[in-house]
Amino acid sequence: MTERNPPRIRRLKDLDRLQRWMEEAIRSPESDPKTPGRTASLYLAGSGKHTAVDRLNIYVRDYWARCLEILRQDFRGGELILGARNFRNWMESYLVRYP
């Protein structure tokens with residue numbers, strides 16, 4: 001699949017649409033099948049090394065890693081009681097429901 005160049009921002013409405021899409025895309029975990037990554041090429045350009053989805057997933061991974069690290073620090077007891085995997089699943093569900 002060849003990626004095309006994303007459209008240029010010409011109006012404030014276009015910028016608002018891009019910002020809303022980016023916020024939704026970053027807040028969706030990579031494993032979420034409904035992730036906006038499928039529309040990444042509409043808003044992001046690929047490069048020689050990375051597709052638009054690859055580039056988006058860099059931001060997604062960093063956002064989720066940082067959010068989970070903060071929650072892990074704030075709720076150390078929860079991770080000890082639930083275990084790392086269950087705690088991560090619980091926190092991901094929480095962040096999806098309450099971004």
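Begin with Glu 92, which is found in helix H5, spanning residues 84–97. The model is a predicted one. Is Glu 92 buried or exposed? Its relative accessibility is 17%, and because buried means under 20%, Glu 92 counts as buried.

Next, display the surroundings of this side chain. Which residues does Glu 92 touch, leaving aside those up to four places away in sequence? The contacts are Trp 64 and Leu 68.

Now turn to the aromatic rings. The structure holds three aromatic pairs. Select Tyr 63 and Trp 64, which form an edge-to-face pair with 6.0 Å centre to centre and 90 degrees between the planes. Planes over 60 degrees apart count as edge-to-face, and therefore the 90 degrees of Tyr 63 and Trp 64 place them in that class. Colour the two residues by accessibility: Trp 64 is buried, at 4% relative accessibility, whereas Tyr 63 is partly exposed, with a relative accessible area of 26%. Trp 64 is also one of the residues that Glu 92 touches.

For another of the pairs, select Tyr 94 and Tyr 98. Why is this pair described as tilted? The ring centres of Tyr 94 and Tyr 98 are 5.3 Å apart and the planes stand at 45 degrees, so the pair is tilted. Tyr 94 is partly exposed, its relative accessible area being 42%. Tyr 98 likewise counts as partly exposed, at 47% relative accessibility.

Technical notes
Residues numbered from 1 in each chain as written. Predicted model: local features only at pLDDT ≥ 70, side-chain atom pairs only at ≥ 80, totals over all residues. Heavy atoms only, no water. Helix = DSSP H or I, 4+ residues; strand = E, 2+ residues; numbered from the N terminus. Buried < 20%, exposed > 50% of the residue type's maximum accessible area, 1.4 Å probe, protein only. Contact = heavy atoms within 4.5 Å. Phe/Tyr/Trp six-rings, centres within 6.5 Å; stacked < 30°, edge-to-face > 60°.
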